[in-house]
Amino acid sequence: MEKSIQVKELKKSFKQHQVLKSVTFDVGKGSIFALLGSNGAGKTTIVKILATLLKPDGGNAAVNNFDVTAKSEKVRQSISLTGQFAAVDEILTGRENLIMIARLRHLKNSRQVADDLLNRFGLVDAADRRASTYSGGMRRRLDIAMSLVGKPRLIFLDEPTTGLDPEARIEVWNVVKELANSGTTVFLTTQYLEEAEQLADQIAILHEGRIIVSGTLEELKKRFPPAKVEYIEKQPSLEEIFLAIIGKKEEK
Amino acid sequence: METVKNHFLGDIGVMLGSSMRHITRSMDTIITVTIMPIAFMLLFVYVFGGAIQTGTDDYVNYLLPGILLIAIATGTSYTAYRLFMDMQRGIFERFKSMSIARSATLWGHVLTSLVSNAISVAVIILVALVMGFRSSAGVLSWLAIAGILALFTLALTWTAVIVGLSAKSVDGASAFSYPIVFLPFISSAFVPTESMPPAVRAFAENQPMTAIVDAIRALLSGQTVGNDLWVALAWCIGIMLVAYIFAMRAYKKRV
Ligand SMILES: Nc1ncnc2c1ncn2[C@@H]1O[C@H](COP(=O)(O)OP(=O)(O)OP(=O)(O)O)[C@@H](O)[C@H]1O
Ligand SMILES: [Mg+2]
């Protein structure tokens, strides 16, 4: 399968603090890849390196077959980043935000692009209000809409649903599924195991600077010790897999 | 790389557009920037003016150049503030991950500073006209004045960019203008330097504000501008170039 992202032995430290010790994984083209990890695991650090905002200390990382350090300009042309904290201009309206990004992506029909996205994300009524008046969910939708301007081949979503209510979360999930259906590769990070279960084709768990497991949900379930026999037989949830693996590592 | 270069001006245009919207949507910065210099002008003309001997009949004519410099100094400190705030915002991160000329954001701020300072200078000149300011300057002289003020704005703006990029807090970012706002007071802006004690006078006559004020004053009153013009231009362009180099260096470190 063609790869959208190839990461090999990636390393990154902040001063003494070794955040990424050796991270290796691949993301197939057109798939949804979920990177799981607890607070401070280094998820955002990986996203920033792949989006050319941070330089790695060692290892290789290629995005759409371009090396992130040597060909960062090419990488930027082929990706879109929705950071952990909403990246919208609060003073501008939703429409102005989208038009601004469309112009910066050098599209000719920036108004049309903005209208289409406003429609698609249910923001038509709020289009001409300042983004500062939006609810958290609306802001996140606008944020993701801004990332879709210009139809990038690969989109990064850093904890896209953190802080959203269940309804807004499902909305975002639908957007992500739609994106993947249209052939876009989605790289998302999350702390919610359920989210990864719901969306991802590929799941990787980042813990103590390394990917400790990766694969499809099915593969992960297979690798986990057989279903526990309690009173009723129960398939392990991803949550249990996660906790079990972390527990095992820490015992060593 | 070519695509980035080709779109450089367009990208700056977009940045300028959005940061001008920020200013027009919160007029308070324009108001604070113009109110203080106008208050100084009122104070000096109507309260102290009677006691100050400048050798001209109309003190407001004498005072205006210095007031404009104070306004620009306060105005540019908002560039440091805006830049500092901008880099805290998530949208800045988004720009960095896009294929945009990296310095487009900086140039957007610099042009915004030029435009907004031009607006406050125009407002102050209008108020001065109401207070009795009159000038015999012709079109060429006015163009020369606009040029000097624009260079002065650019020199301070690029200095403000360094501050905005390296400040650790908002207060730090906006505090830099205080010494610059103070400089016109120790220059020929309010009183002739001849009235000052020798040490102060030596400082006043050799600092940039005096040359700039004297050049503008001469242009406004239709007198011939001597050396002052060249000294003023040298100061402005010199500061601008040095600040530009350091600002770009600081920016490269940040992005
Ligand atoms: N610029 C920085 N300087 C110093 N330390 C940093 C910097 N950025 C991140 N770190 C540290 O690196 C570690 C990983 O941070 P990162 O933001 O990648 O975690 P995360 O997995 O995204 O966490 P969260 O789920 O809370 O968003 C943290 O301990 C953090 O304090
Ligand atoms: Mg994070």
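I began with B:Arg21, which forms a salt bridge with A:Glu96, the closest N and O atoms being 3.3 Å apart. B:Arg21 lies in helix α2 (residues 8-25) of chain B and A:Glu96 in helix α3 of chain A, so this pair joins two chains. I record here that the model is a predicted one.

I then looked up the accessibility of both partners. B:Arg21 counts as partly exposed, at 35% relative accessibility. A:Glu96 has 17% relative accessibility and counts as buried, because the limit for that class is under 20%.

Over all chains, the structure holds 17 salt bridges.

**Entry: B:Arg94 and A:Asp143**

I turned next to B:Arg94, which forms a salt bridge with A:Asp143; their closest N and O atoms are 2.5 Å apart. This pair crosses between chains, from helix α5 (residues 90-96) of chain B to helix α5 of chain A. Are B:Arg94 and A:Asp143 buried or exposed? I found both residues buried.

**Entry: the interface as a whole**

I looked up the contacts and found 28 residues of chain A in contact with 23 residues of chain B. In chain A, A:Arg76, A:Leu104 and A:His106 lose the most area to chain B, together 26% of what that side buries. The two chains bury about 2,300 Å² between them, and 58% of this is on carbon and sulfur atoms.

I also noted 11 residue pairs in polar contact across the interface of chain A and chain B, both residues at pLDDT 80 or more. On the side of chain A that touches chain B, the elements giving two or more residues are α2 (72-78), β6 (79-82), α3 (94-104) and α5 (136-148) of chain A. Which of these elements gives the most? It is α3(A), with 6 residues. I recorded the residues of this side as 13 nonpolar, 6 polar and 9 charged.

**Entry: a salt bridge within chain B**

I looked up B:Asp214 and B:Arg217, whose side chains meet in a salt bridge (3.5 Å, N to O). Both lie in helix α11 (residues 208-220) of chain B, 3 residues apart, about one turn of the helix. B:Asp214 is partly exposed, with a relative accessible area of 21%, whereas B:Arg217 counts as buried at 14%.

**Entry: B:Asp86**

I placed B:Asp86 in helix α4 (residues 59-88) of chain B. This residue counts as buried, at 10% relative accessibility. Leaving aside neighbours within four places in sequence, I found B:Asp86 in contact with B:Phe92 and B:His109.

**Entry: the magnesium ion**

Which protein donors does the magnesium ion (ligand 2) have? I found A:Thr44 (OG1) and A:Gln84 (OE1), lying 1.8 to 2.1 Å from the ion. A:Thr44 lies in helix α1 (residues 43-50) of chain A and A:Gln84 in the loop between β6 and α3 of chain A, so the pair ties together parts that are 40 residues apart in sequence. I noted A:Thr44 as partly exposed at 23% relative accessibility, and A:Gln84 as partly exposed at 27%.

Methods: Residues are numbered from 1 along each chain as its sequence is written. Chains are lettered from A and ligands numbered from 1 in the order in which they are written. This is a predicted model: local features need pLDDT of at least 70, side-chain atom pairs count only at pLDDT 80 or more; totals for chains, interfaces and linings use all residues. Side-chain values use heavy atoms; hydrogens and water are left out. Contact means heavy atoms within 4.5 Å. Buried area is the accessible area (1.4 Å probe) that two parts lose on being put together, summed over both. A polar contact is a pair of N or O atoms within 3.5 Å; within protein, one must be able to donate a hydrogen and the other to accept it, and residues adjacent in sequence count only if both atoms are side-chain atoms. Helices (H or I, at least four residues) and strands (E, at least two) are DSSP runs, numbered from the N terminus. Ala, Val, Leu, Ile, Met, Phe, Trp, Tyr, Cys and Pro count as nonpolar, Asp, Glu, Lys and Arg as charged, and the others, Gly among them, as polar. Donors are N, O and S atoms within 2.8 Å of the metal (3.2 Å for Na, K and Ca); water is not among the atoms, so sites may look incomplete. Buried means under 20% relative accessible area, exposed over 50%, partly exposed in between (1.4 Å probe, protein chains only). A salt bridge is a side-chain nitrogen of Lys or Arg within 4 Å of a carboxyl oxygen of Asp or Glu.
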